[in-house]
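Biologist: Could you put the model up and talk me through some of its strands?

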Amino acid sequence: MKRLSALLGGVVAAVLVTASIAAPASATPAPQPTPTTQQQPLISPTPYMGWNTYYGLAGDFTETSLRSVADSIVNRGLKKAGYDIVWLDGGWQADQSRSAAGDLVPHPDKFPNGLKPLVDYIHSKGLKAGIYTDAGPYIPGKCGLGSGGYYQRDADQFAAWGFDAVKVDYLCGIAADLDPKTVFTEFAQALRNNASNRPMIFNLCNPVTSPDWGNYPESQQSIFSWSYAPAIAQSWRTYTDVGFQGDIKFKDVLRNYDANAKHPEVVRPGAFGDPDYLAPELGMSDEEFRTQLTLWSVAAAPLVIGSDIRKLSATTIGMLTDPDVIAINQDRAAVQAVRVGAAGTTETWVKRLADGSRAVVLLNRGDSAKTLTTTASAVGLRGARFTLKNAWTNATTESAGTISAAVPAHGTALFRVGPARGLPGVPHVTAGIPQVTQVGTQVLPEGAAPVVAGGDELRAEVVVRNDGLLPVFKPAVALTAATGWTVTPVGKAPLLLAPGQKVTLAFKVKLPVTAPAGNATLAATTQYEAIGYGRQKQVTVSPLVIAPVPPDGTAALSHHPWITATSGWMSPTIDESVGGGSPISLVSQTYPTGIGVASPSLVRYYVGQQCTKFTATVGIDDAVRNVGPEGGTATFQMVGDGKVLFDSGVVGRDDPKPVEVDLTGVHVLDLVVGDAGDGGYNDRADWAVPTAIC
């Protein structure tokens, strides 16, 4: 005990050293470009926040529904959290959108009193009002309304109605083949010069992106807006839409975030990249939406909710109003996060904050949970001890320099990291998410999402690491599973976990033969003693998929339940091309069964070592010929238990390929479609007559 006391005394003395802050080149934005046009006043020095009709209500909104939304913004705590704009997207205008005198006209059925009473009501709730138009001229069949030829007249009208923000689209603009820099600059000037002298946020929205929209020069695309928009607008769209109405996918959230991240050097107070709207409960899981909100927050992006907030769960409202996350987004330095280290399945992103601390994101793009780490020095801090405030859990711990977290699949950890002072804090201990490392005799490859079946025996492991400055004592992990499952510890936990050490605690888990197909969880409760802070507890949960019974006999896989199925857009369709409405057809031959998807796609089946052969024909559905000559290429792979069994190479619309694969010994079969390296535009891919012999 004397040696332990002496050790602890020395450690406590060492941890009282104060850390300091340094800004490495990797975390420092590049110098700001000098605008070539006169800079507008800072209307929104931090990213604006609010709500927009587009994804949640589409064009189906009225004065009554918008008053209801305004009430909900206030009553549900969103206004207090900072969401203070009610933004009308396309659909507010009359069918004949402009009067004979040249004025824009609200839809008389939706807004029988005009827009001014609605705007007044929104203002009476302490909120702001936003409206939508387009930079191009109105072209019937191409766009809903356009301000081309009427910029100053429309800006004056918006201001007279009392609007505080204007979203200016480019659908009419691209249809008219206009130069976006020219027209947006002219519109910005009209807004600044409005007759009411009313400050209005300018959201420059050019979503045109090749090849998704067709082939356009870079100067007409969203990816070029960064070069001119910061001088004229409060925000600019940095890529195409984040998804479709009612169908937002996590992969597209990541795509838009990555596009938005390319030019952090031009983001500054009053000028922000816009990766599109927040989309809770529109197709993503809660974990995936938490990741979107985390990434948008560190990106210094506008936080505009796209869902119908009147219908959102209390859990979602809690995420949207989290004060620590919003504070990071609204930090007055207005710095956009940059990646530290290489791009990959797991990444670290860091945002420099006004007080010199860092917002640090540990991002897991993968399909299985991982414990991720970085260091204080890597994110621009130096010293001996650091305080880590977890923005989502509110836990505050102290680290010797390692920043670590157990991050779920498609998840993030978000920390506010700064120098620690005073007495030592609670050691930063990371309790891992339970990992299934073995099913029966099969050792799972790292990163594989486990699939189990009734009667299986599993090995599950929980890794506990101590990244604090002081040891923790009596670490223990209890693992729980569904009713009827048996859990048996393997080995014993140590009495002490020293700084910088980790321990792996293992369990045998046995499923009953009658375990029903569906979703299940393993929950680990990790406890340990922290000097001066008593018993600490962390709970981590791992999802499991219990597979359906494998196919039997000669089975049409399109009619057998899959474990999971994804499609690049919309959802996989059974016996029809993706999107539905037409049968599976390859080079004019129609097939009675099949799976239609858009790239990229993964369709996963459990075959449980019961099948010997798979056959199919793969190709590009004839439906692409109704769209145009662009796109329509894909790659097809069959993957069994992580091993590639078939690779088609690039498949075009005129060259379907037969598939015959040996499935002997395969547990889990993945049907994978890639975009062939040219994007997913018009990639309607078919697995025609997919048949398993079992």
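Modeller: A term to begin with: two strands are said to pair if DSSP finds at least two bridges between them. Please keep in mind throughout that this is a predicted model.

Biologist: What is the strand order in the open sheet of 5 strands?

Modeller: The order is 24-31-30-26-28, and the pairing in this open sheet is mixed. Strand 24 (451–452) and strand 28 (496–497) stand at the edges with a single partner strand each, so one side of each has no neighbour in the sheet.

Biologist: And how many bridges join strand 30 to strand 31?

Modeller: There are 13 bridges between strand 30, which covers residues 518–530, and strand 31, which covers residues 534–546, and these two strands run antiparallel. To place yourself in the pairing, look at T526, which stands opposite Q538 of strand 31.

Biologist: Moving on, what do strand 40 and strand 41 form?

Modeller: They form a hairpin with 2 residues between the strands, and in the turn D641 has a positive phi of about 50 degrees. Strand 40 (residues 634–640) and strand 41 (residues 643–651) run antiparallel and are joined by 6 bridges, with M638 standing opposite F646 of strand 41.

Biologist: Which side chain does the side chain of E398 make a polar contact with?

Modeller: That partner is the side chain of R385, and the polar contact between the two side chains is at 2.8 Å.

Technical notes
Residues are numbered from 1 along each chain as its sequence is written. This is a predicted model: local features need pLDDT of at least 70, side-chain atom pairs count only at pLDDT 80 or more; totals for chains, interfaces and linings use all residues. Side-chain values use heavy atoms; hydrogens and water are left out. Helices (H or I, at least four residues) and strands (E, at least two) are DSSP runs, numbered from the N terminus. A polar contact is a pair of N or O atoms within 3.5 Å; within protein, one must be able to donate a hydrogen and the other to accept it, and residues adjacent in sequence count only if both atoms are side-chain atoms.
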